[in-house]
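Dear colleague,

Here is the structure I promised to pass on to you.

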Amino acid sequence: MKLLQALTQTPSVPGREDRIRKVIQDYVTKQNLFDEITVDAMGSLIGVRRPRPEKGKASKKPIKVMLAAHMDQIGFLVRHIDEAGYLRLNPVGGFDARNLFARKVRVCTTQGDLPGIMNASGKPIHIASDAEKKKIPEVTEFFVDLGLTGDQVRNSVLIGDMVVLDGPFEEVGNSVVSQCLDNRVGCWALLKALEGLKHHNCEIYAVWTVQEEVGCRGAQGAAYGVHPDIGVACDTTLCCKTPGVPDEDRVSVAGDGVCLHVMDSSMISDIGLVAQFEAVAKANSIKCQRAILPRGGQDGAMIQRSRSGVRTIALACPVKYIHTVTEMTHKDDLESYHTLLTAWLESL
Ligand SMILES: [Zn+2]
């Protein structure tokens, strides 16, 4: 869990993925996971692993598999600094304003990181009217207080600096809880799957993509560059088997294994690949579950539509309380995620 913890505690919002890319790049270099490592123009990290057959020679034209996990997290960029030094923010990714009250944040500047407090503009409960108490502010109405004077803030913070919510990584019961499990879990699963891989006949392009949270932008260019035969997007999905949600809207169940995303609003997975993954899971006694997400997308959509089209599937880890700083995922689902991916790659 140390690796997953390190990934979740490294701030990287869309367009500012350099920190998380360095953590992943250092790790894959140390573990010697690839034959070639490059970074494309938008910042996605691409590791190439040539076939390593168990016996005999590798095929001259091996199947090219692109595995993709987005390494950005939802966050903010500084939009405005007012006279008194309060920051106003522009969201990069979909926040629910109800989860933003009284949060600790980290403002990442060129001179270092500053701790801050996020709150909504308005009055405390003691002096607010009944109407004011009921109002849920827009995301753009939240501000950051750095506890510094206006001049101090202006001397260290620039428009466009990254701001992230702060939340610790903890083990809670059979689960782990942290900020940005979406999608450091996918980044982690790729690393673990490749570490566990002994032999494979396919050629693997593992891509840690940028800017997924603002519309799968990095995956688009990366998929064009890789030109794969098969795409596998590795992300997280809703797990709403929780109080207040009808069972038919649960999407996935914590502890029932990694999800084979049959469809979401951005793509329909290749049903042949879904069946292939299910067969591999059954043969290796690995848990997995089918899931449909009525609204929401992921990088697989860009891979599937690249060039003349690519057979693509999306894998996703069930995550409760997604897009909060207390995202929760079951340890069994983490385990099945990377073991299924390894077993499938070995089966090709
Ligand atoms: Zn995601």
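In this predicted model, the zinc ion has as its protein donors His70 (NE2), Asp182 (OD) and Asp235 (OD), lying 2.1 to 2.3 Å from it; donors here are N, O and S atoms within 2.8 Å of the metal (3.2 Å for Na, K and Ca), and since water is not among the atoms, sites may look incomplete. Along the chain these donors follow the spacing H-x111-D-x52-D. Because Asp182 belongs to helix H5 and Asp235 to strand S13 (residues 230-238), the pair ties together parts that are 53 residues apart in sequence. Helices (H or I, at least four residues) and strands (E, at least two) are DSSP runs numbered from the N terminus. Both Asp182 and Asp235 are buried, that is, under 20% relative accessible area with a 1.4 Å probe and protein chains only.

Turning to the sheet, three strands form an open arrangement in the order S10-S11-S17 with antiparallel pairing, where pairing requires at least two DSSP bridges between two strands. Strand S11 (residues 175-178) pairs with S17 over four bridges, and Ser178 stands opposite Glu327 in S17. Helix H5 (residues 181-196) packs on this sheet, touching S11 and S17, with contact meaning heavy atoms within 4.5 Å.

Residues are numbered from 1 along each chain as its sequence is written, and side-chain values use heavy atoms, leaving out hydrogens and water. Local features need pLDDT of at least 70 and side-chain atom pairs count only at pLDDT 80 or more, whereas totals for chains, interfaces and linings use all residues.

Best regards

Note on methods. Axes fitted to C-alpha atoms, helices over the stretch in contact; angles between N-to-C directions. Buried < 20%, exposed > 50% of the residue type's maximum accessible area, 1.4 Å probe, protein only.
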